[in-house]
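The sequence and the structure are shown first.

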Amino acid sequence: MPHRVTLIPGDGIGPELAAAARRVLDASGVDFDWEVQDAGEGVMAQYGTPLPEHVLESIRRNRLALKGPITTPVGKGFRSVNVTLRQALGLYANLRPARSMQGVRTRFEDIDLVIVRENTEDLYAGIEHMVGRDAAESIKIITRYASERIARYAFDYAVANGRRKVTAVHKANIMKLSDGLFLESCRAVAAEYEGRVEFDDRIVDNMCMQLVQKPELYDVLVLPNLYGDIVSDLCAGLVGGLGVAPGANIGTEAAVFEAVHGSAPKYAGLDKANPTALILSGVLMLRHIGEQDAAERVETALRGVVAEGTHVTYDLGGDAGTRAFADAIIERLGAAPAVAS
Ligand code: NAD
């Protein structure tokens with residue numbers, strides 16, 4: 001049976017990256033049946049919404065999606081499709097691994113961090129209003145249910161992937177009730193894993209400083225939504241930036257895999273953007289569906305091309321286009337022996 005996946009090309013550089021990722025994943029030997037669905041700016045005129053109901057239905061039906069970035073206008077227009085998707089599908093866990101790649105020039109080597117971000121509440125609940133004309137209020141929602149659920153996800157991930165420690169990140173010294181509840185929930189869940197996975201916690205500002213000074217002290221980080229958004233970009237920076245940072249949004253009913261970066265409109269259609277982050281998101285998808293061998297082979301081929309450095313995009317110091325980069329990965333995959341699973 002092929003794996004049926006909803007493929008959302010997205011806006012800006014999305015379609016060319018989605019095409020590259022699709023070709024590489026197909027070359028892994030895993031049988032995919034791609035259901036291409038358009039969402040984003042491009043469908044607004046036709047459907048009056050960037051996220052038509054039939055796109056959501058497709059993801060619900062297939063339970064899997066690979067998604068290109070979608071443009072969100074700042075301060076006006078429609079609500080972020082990404083936030084809506086996460087809420088509509090209950091994609092409560094945002095997983096963002098940050099691992100150094102040989103051949104990507106950064107200030108650090110051997111970074112291997114995993115960010116687990118709560119994806120459904122906090123200031124992203126979207127409860128905002130004006131208070132009179134000259135003040136605005138955004139409401140931060142933190143619940144015990146969602147905090148324990150994300151903490152459990154982080155610990156289960158640590159156990160399943162042989163990771164040694166989970167660090168909860170918060171600002172409970174100032175937001176004693178909301179972040180206090182998040183920390184209390186993480187501590188309660190940590191007690192269930194005592195002896196198997198270590199646990200500690202850090203205040204978010206201190207965490208940022210430590211990540212750029214002593215990243216090797218950390219392993220899996222679990223954070224509420226807003227800090228998770230910010231700290232995961234910081235971690236992406238540690239390993240070479242947005243072009244190489246993959247992500248997954250995971251829920252009980254569906255999972256959506258997408259790069260951390262946005263639609264980079266200025267590079268749209270130029271065959272210039274780096275497909276690494278979306279391909280690595282595809283690797284996360286392969287692992288999610290139990291195709292461990294294919295995941296390993298795609299990641300090894302990708303890392304090989306990046307380490308060699310001759311067929312990489314501008315942001316990695318090369319002059320290859322998106323397509324040529326993908327071709328080089330596919331060529332290496334062809335050379336790598338397939339292991340029967
Ligand atoms: P961006 O990530 O699109 O681009 C910032 C810069 O990073 C680009 O100008 C480019 O220099 C570089 N970059 C990003 N991806 C790259 C790639 N694959 N290869 C090479 N270089 C790359 O961030 P932005 O400009 O702040 O956002 C543009 C739009 O994307 C906005 O509308 C934003 O809301 C949206 N966005 C969408 C998502 C998503 O769909 N998941 C995530 C973030 C931003």
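Buried area is the accessible area, taken with a 1.4 Å probe, that two parts lose on being put together, summed over both. In this predicted model, domain 1 and domain 2 bury about 1400 Å² between them, and 54% of that area lies on carbon and sulfur atoms. On the side of domain 1, the residues that lose the most area to domain 2 are Tyr92, Leu95 and Arg96, which together account for 44% of what that side buries.

The domain assignment places residues 1-97 + 243-341 in domain 1 and residues 107-238 in domain 2. The centres of the two domains, taken over C-alpha atoms, are separated by 25 Å. Domain 1 contributes 15 residues to the contact, and domain 2 contributes 19 residues.

Polar pairing also occurs across this interface: eight residue pairs are in polar contact. One salt bridge is found between domain 1 and domain 2. Arg96 forms a salt bridge with Asp233, with 3.8 Å between the closest N and O atoms. Side chains of opposite charge can pair when their charged atoms come close.

Three elements, α4 (81-88), β4 (93-99) and β11 (246-250), each supply at least two residues of the side of domain 1 that touches domain 2. Of the elements on that side, β4 gives the most, with five residues. By class, the side of domain 1 that touches domain 2 comprises nine nonpolar, three polar and three charged residues.

**Ligand surroundings**

The ligand is surrounded by 22 residues, of which Ile70, Thr72, Gly262, Ala264 and Tyr314 are the closest.

| Residue | Atom of the residue | Ligand atom | Distance |
|---|---|---|---|
| Glu258 | polar side-chain atom | nitrogen | 3.1 Å |
| Gly262 | backbone N or O atom | oxygen | 2.7 Å |
| Tyr314 | polar side-chain atom | nitrogen | 2.8 Å |

**Salt bridges in the whole structure**

A search of the whole structure finds 27 salt bridges. One involves the side chains of Asp112 and Arg163, at 3.4 Å from N to O. This pair links distant parts of the chain, 51 residues apart: Asp112 belongs to strand β5 (residues 112-118), whereas Arg163 lies in the loop between α5 (144-160) and β8 (165-170).

Conventions: Residues are numbered from 1 along each chain as its sequence is written. This is a predicted model: local features need pLDDT of at least 70, side-chain atom pairs count only at pLDDT 80 or more; totals for chains, interfaces and linings use all residues. Side-chain values use heavy atoms; hydrogens and water are left out. Domain bounds come from an automatic or database domain assignment. Contact means heavy atoms within 4.5 Å. A salt bridge is a side-chain nitrogen of Lys or Arg within 4 Å of a carboxyl oxygen of Asp or Glu. A polar contact is a pair of N or O atoms within 3.5 Å; within protein, one must be able to donate a hydrogen and the other to accept it, and residues adjacent in sequence count only if both atoms are side-chain atoms. Helices (H or I, at least four residues) and strands (E, at least two) are DSSP runs, numbered from the N terminus. Ala, Val, Leu, Ile, Met, Phe, Trp, Tyr, Cys and Pro count as nonpolar, Asp, Glu, Lys and Arg as charged, and the others, Gly among them, as polar. A residue is near a molecule or strand if one of its heavy atoms lies within 4 Å of it.
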